[in-house]
Amino acid sequence: MENIEAIIARLEKLEFHVKLLAESLNHTENPTASLVVDFDWSSADLNCAHDIFEMFDNMMREEVKINWYDFEKEFSEKLNISYQGLKSVVLAFYRNGQWSEVCHAYASSFGNSVSLELKSIAQGKIL
């Protein structure tokens with residue numbers, strides 16, 4: 001069995017390789033993969049994000065009035081994602097063609113105060 005120092009050295013090398021691979025990801029062509037690497041998400045974290053989007057998608061389909069602060073709160077509480085980070089999540093899913101209606105509704109909820117990052121989504125443009 002390998003000693004702890006050798007295992008740590010191998011893990012550090014793997015982390016370095018993954019970091020280099022992540023830097024080579026094109027966030028436009030691979031938005032979800034890029035997001036997962038940037039946020040250091042696990043498969044469970046990505047599934048949690050999908051679950052949050054699905055919950056709000058269902059609310060929209062049921063025509064429930066949505067308080068988009070609750071959307072932000074879900075990401076904050078479950079994935080420790082700030083408002084700034086959430087913009088990246090919304091952009092990644094939108095660019096990947098996932099949860100587009102939720103992304104559009106969230107971006108549009110800001111009215112004339114929509115951030116520059118989300119403006120194209122609010123206007124219904126594909127990035």
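**Figure 1. Buried residues of helix 2 in the predicted model.** Helix 2 covers residues 31–39, and its buried residues are Pro31, Thr32, Ser34, Leu35 and Val36. This is a predicted model. Asp40 follows helix 2 and has a positive phi, near 55 degrees.

**Figure 2. Two residues with positive phi in loops.** Asp40 lies in the loop between helix 2 and helix 3. Asp40 is not a glycine, yet its phi is positive, at about 55 degrees. With a relative accessible area of 67%, Asp40 is exposed. Glu63 is found in another loop, the one between helix 3 and helix 4. Glu63 also has a positive phi of about 55 degrees although it is not a glycine. The relative accessible area of Glu63 is 72%, and Glu63 counts as exposed because the cut-off for this class is over 50%.

**Figure 3. The largest nonpolar core.** This core has 30 residues. Those with the most contacts inside the core are Trp41, Phe53, Phe71, Phe75, Val89 and Val90. At least two residues of the core come from each of helix 2, helix 3, helix 4 (68–79), helix 5, helix 6 (100–108) and helix 7 (116–122). Helix 5 supplies the largest share, seven residues. In soluble globular proteins, nonpolar side chains tend to be buried together.

**Figure 4. Contacts of Val90.** Val90 is one of the residues with the most contacts inside the largest nonpolar core. Leaving out residues up to four places away in sequence, Val90 touches Phe53, Phe71, Cys103, Tyr106, Leu118 and Ile121.

**Figure 5. Aromatic pairs, with Phe53 and Phe75 as an example.** The whole structure contains 13 aromatic pairs. One of them is formed by Phe53 and Phe75, and this pair is edge-to-face. The ring centres are 5.6 Å apart, and the angle between the planes is 75 degrees. Phe53 lies in helix 3 and Phe75 in helix 4, so the pair ties together parts that are 22 residues apart in sequence. Phe53 is buried, with a relative accessible area of 0%. Phe75 is also buried, at 0% relative accessibility. Ring pairs also link residues into a cluster made up of Phe53, Phe56, Trp68, Phe71, Phe75, Tyr83, Phe93, Trp99, Tyr106 and Phe110.

**Figure 6. Lys87, a buried residue of helix 5.** Lys87 is found in helix 5. The relative accessible area of Lys87 is 6%, and Lys87 is buried because the cut-off for this class is under 20%. Apart from residues up to four places away in sequence, Lys87 touches Ser115, Glu117 and Leu118.

**Figure 7. The contact of helix 4 with helix 6.** These two helices pack at an angle of about 115 degrees, and their axes are 10 Å apart. The crossing of helix 4 and helix 6 is left-handed. From helix 4, Trp68, Phe71 and Glu72 take part, and they meet Val102, Ala105 and Tyr106 in helix 6. Five residues of this contact are nonpolar, none is polar and one is charged.

Notes. Residues numbered from 1 in each chain as written. Predicted model: local features only at pLDDT ≥ 70, side-chain atom pairs only at ≥ 80, totals over all residues. Heavy atoms only, no water. Buried < 20%, exposed > 50% of the residue type's maximum accessible area, 1.4 Å probe, protein only. Helix = DSSP H or I, 4+ residues; strand = E, 2+ residues; numbered from the N terminus. Core = buried A, V, L, I, M, F, W, Y, C linked by side-chain atoms within 4.5 Å. Contact = heavy atoms within 4.5 Å. Phe/Tyr/Trp six-rings, centres within 6.5 Å; stacked < 30°, edge-to-face > 60°. Axes fitted to C-alpha atoms, helices over the stretch in contact; angles between N-to-C directions. Left-handed = near helix turned anticlockwise from the far one by under 90°. Nonpolar A, V, L, I, M, F, W, Y, C, P; charged D, E, K, R; others polar.
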